[in-house]
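Hi,

Here is the model I promised to pass on. Have a look at it first, and my notes on what turned up follow below.

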Amino acid sequence: MSAALTAPALLPARAKTRTGFRPFLAALFSRRQAQLGGAVVLVLVLAAIFAPLISPYDPFELRVGPLKEPPTRAHPFGTDDLGRDLFSRIVYGSRITLQIGTISVAVAVGLGVLVGIVAGFYGGWVDALLMRFTDVMLAFPGFLLALAIVAILGPGLNNVMIAVGLGSFPGFARVVRGSVLTVREMEYVTAGRVLGATPPHIMRRAILPNVLAPIIVLASLEFPAAVLTAAALSFIGLGAQPPSPEWGALLVDARTYIRTAPHLINVPGAAIFVVVLAFNLLGNTLRDVLDPRLRHR
Amino acid sequence: MAGYALRRVATTIPVLFAILTLVFLMRPLVPGDPVAIMFFGRSSSPEVVANMRHQLGLDDPLPIQYVRYLGDVLRGDLGTSITTRQPVVQEIAERFPATLQLALGSLAVSCLVGLVAGILAAVYKDTAIDTAAMVFAMAGLSMPGFWFGLVMIYFFSVRLGWFSVIPDGSLKSLVLPALTLGLIASSVVARLVRSAMLEVLGQDFIRTARAKGLRERRVLLRHALGNAMIPVVTIIGLQFGGLLSGAFIIEAVFAWHGIGELAVDALGKRDFPLIQGIVLVIATSYVLVNLLVDLLYAVLDPRITYS
């Protein structure tokens with residue numbers, strides 16, 4: 001490896017020695033990628049919180065303007081085929097986007113951390129059993145796994161969030177187990193055992209805090225992936241159902257008007273792209289700062 | 001080598017059985033009565049439901065159903081589609097070539113674009129070319145395939161009129177879907193080729209090659225790329241699985257009559273034998289492609305002895 005290549009890998013070491021949240025944030029947002037991504041994410045979060053204040057119209061109200069009108073001053077993103085204000089629908093859709101990412105990742109992290117810690121901590125047959133199961137889940141292409149789970153649970157946004165989370169938990173389980181294997185050999189874990197701490201206590205208080213970095217990194221990269229998968233599932237009719245302003249679902253009806261009203265496709269499509277890009281930029285930087293070992297994942 | 005190959009094949013068999021088991025479990029895992037769900041809660045006469053249950057073998061205990069399922073699948077019988085009454089194997093066989101065509105076309109695009117972008121980025125590291133290639137890679141990673149596909153249709157079919165909006169199965173109609181899927185997939189390949197090239201370019205034998213006075217082109221293409229290809233082959237294998245599932249979305253966008261379209265239809269109709277068949281076939285081909293890649297890996301990398 002060239003010297004230039006290893007230089008960024010040294011940064012996290014520095015970031016770690018100066019413990020605390022503030023230096024970490026400083027290291028993170030000193031990078032342009034993170035500034036850019038963070039700004040977009042901030043806008044998204046604000047839009048989601050203040051949706052009723054920001055949107056000029058009710059996102060479900062029909063005929064607030066002409067039908068399929070391209071962007072104008074009254075309707076900055078134009079109107080859809082039923083005369084609804086697209087800007088208001090996008091603003092309200094941001095709530096669903098955040099919800100999808102958060103819940104899917106929470107499901108994946110919850111299950112992945114549980115399986116990973118238990119497998120790594122106990123080892124032996126427990127480890128073998130849990131990891132073989134994880135391997136089999138990994139043998140399915142991610143999207144197919146999510147699709148199969150939606151097939152079992154039935155279509156709908158809630159089920160899609162669960163399916164996307166279940167579909168991505170094996171990755172978390174693998175990474176967590178790997179980290180636990182090193183952490184459990186640490187002296188403070190042995191000390192905990194000697195002092196008579198119960199295994200759940202050791203796992204929660206001694207091991208979990210020390211495997212958090214890779215979890216956070218993976219979660220930040222999984223978030224945009226979850227948003228993309230859920231939007232795709234909505235697009236093929238399995239996720240959010242109309243009249244939901246979920247961004248993927250917005251494209252379903254819009255396809256019909258690709259000739260006459262391309263803005264109906266491009267506005268929600270670009271919204272998904274920009275938000276996913278922003279989360280990816282943020283996640284990438286987070287990975288560089290927190291955990292360089294995951295660089296090649 | 002032969003021993004390694006044999007062991008690698010041997011480890012695949014339990015995985016295939018586990019996949020088979022999970023696919024079998026899909027139906028019992030469905031909450032509620034599967035037959036009622038197939039009828040969408042519409043009331044059917046009790047005889048029809050009972051008949052259906054019997055026909056599907058749902059009135060037997062689970063272990064018996066499982067053994068029967070295993071036997072059927074091993075004999076190449078994936079059951080009968082509920083909606084079309086056709087054997088599932090036949091339904092899938094009819095659609096598989098179209099999806100394979102799309103996946104291979106995209107694979108070609110993603111390898112070509114990904115290799116060129118990755119090599120350029122590595123050779124011109126920290127220049128505008130590198131930045132451009134990595135911005136492209138980041139954009140590809142974040143691009144919703146269905147939107148990109150629609151944009152391609154809008155631009156090349158609606159505005160320029162180069163391609164018909166409805167595919168006719170010709171090679172020409174493959175261009176847009178393969179480009180859409182391939183360009184998105186190429187972002188992953190580009191990133192990987194770049195980091196593999198950078199790693200190889202820093203090694204002693206490259207300096208030796210340059211010191212011998214070899215031309216830069218030969219150093220890059222023969223000495224560096226050859227060695228950088230080893231990890232890339234693995235990713236390309238994994239890509240294939242991604243392409244197969246990416247095809248689900250792209251097929252929906254381009255009205256491409258492949259497995260993806262079949263799956264989306266089947267899901268909408270809750271046609272479980274068909275859904276299970278598709279999941280089984282795609283997952284199995286994914287595992288087999290990865291097996292193939294691993295074996296290829298051993299052939300490509302003479303440094304590793306698999307003893």
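This is a predicted model: local features need pLDDT of at least 70, side-chain atom pairs count only at pLDDT 80 or more; totals for chains, interfaces and linings use all residues.

On the domain 1 side, three helices of chain B each supply at least two of the residues that touch domain 2: α1 (2-29), α2 (34-38) and α4 (62-74). The largest share comes from α1(B), with 13 residues. By class, that side of domain 1 divides into 17 nonpolar, 1 polar and 2 charged residues.

For orientation, domain 1 of chain B runs over 2-74 and domain 2 over 94-300. Their centres, taken over C-alpha atoms, are 33 Å apart. The contact draws 20 residues from domain 1 of chain B and 18 residues from domain 2 of chain B.

**Between the chains**

Now for the chain A and chain B interface. Here 43 residues of chain A are in contact with 43 residues of chain B. The area buried between the two chains is about 3900 Å², with 79% of it on carbon and sulfur atoms.

Which elements of chain A give two or more residues to the side that touches chain B? They are α6 (124-138), α7 (142-153), α11 (212-235), α12 (247-254) and α13 (263-290) of chain A. Of these, α13(A) gives the most, with 12 residues. Sorted by class, the side of chain A that touches chain B has 33 nonpolar, 7 polar and 3 charged residues.

As background, most residues other than glycine have a negative phi, and most peptide bonds are trans.

One exception is in chain A, where the peptide bond from A:Pro242 to A:Pro243 is cis, with omega near 10°. If you want to find it, A:Pro243 lies in the loop between α11 and α12 of chain A. Both α11 (212-235) and α12 (247-254) of chain A are also among the elements on the side that touches chain B.

Then there are two arginines with positive phi. A:Arg63 has a phi of about 55° although it is not a glycine, and A:Arg63 is placed in the loop between α4 (51-54) and α5 (86-122) of chain A. Is A:Arg63 buried or exposed? A:Arg63 counts as exposed, because its relative accessibility is 62% and the cut-off for exposed is over 50%.

In chain B, the residue to look at is B:Arg85, with a positive phi near 65°. B:Arg85 is found in the loop between α4 and α5 (88-123) of chain B. With a relative accessibility of 52%, B:Arg85 counts as exposed too.

That's what I have for now. Over to you!

Methods: Residues are numbered from 1 along each chain as its sequence is written. Chains are lettered from A and ligands numbered from 1 in the order in which they are written. Side-chain values use heavy atoms; hydrogens and water are left out. Domain bounds come from an automatic or database domain assignment. Contact means heavy atoms within 4.5 Å. Helices (H or I, at least four residues) and strands (E, at least two) are DSSP runs, numbered from the N terminus. Ala, Val, Leu, Ile, Met, Phe, Trp, Tyr, Cys and Pro count as nonpolar, Asp, Glu, Lys and Arg as charged, and the others, Gly among them, as polar. Buried area is the accessible area (1.4 Å probe) that two parts lose on being put together, summed over both. Buried means under 20% relative accessible area, exposed over 50%, partly exposed in between (1.4 Å probe, protein chains only).
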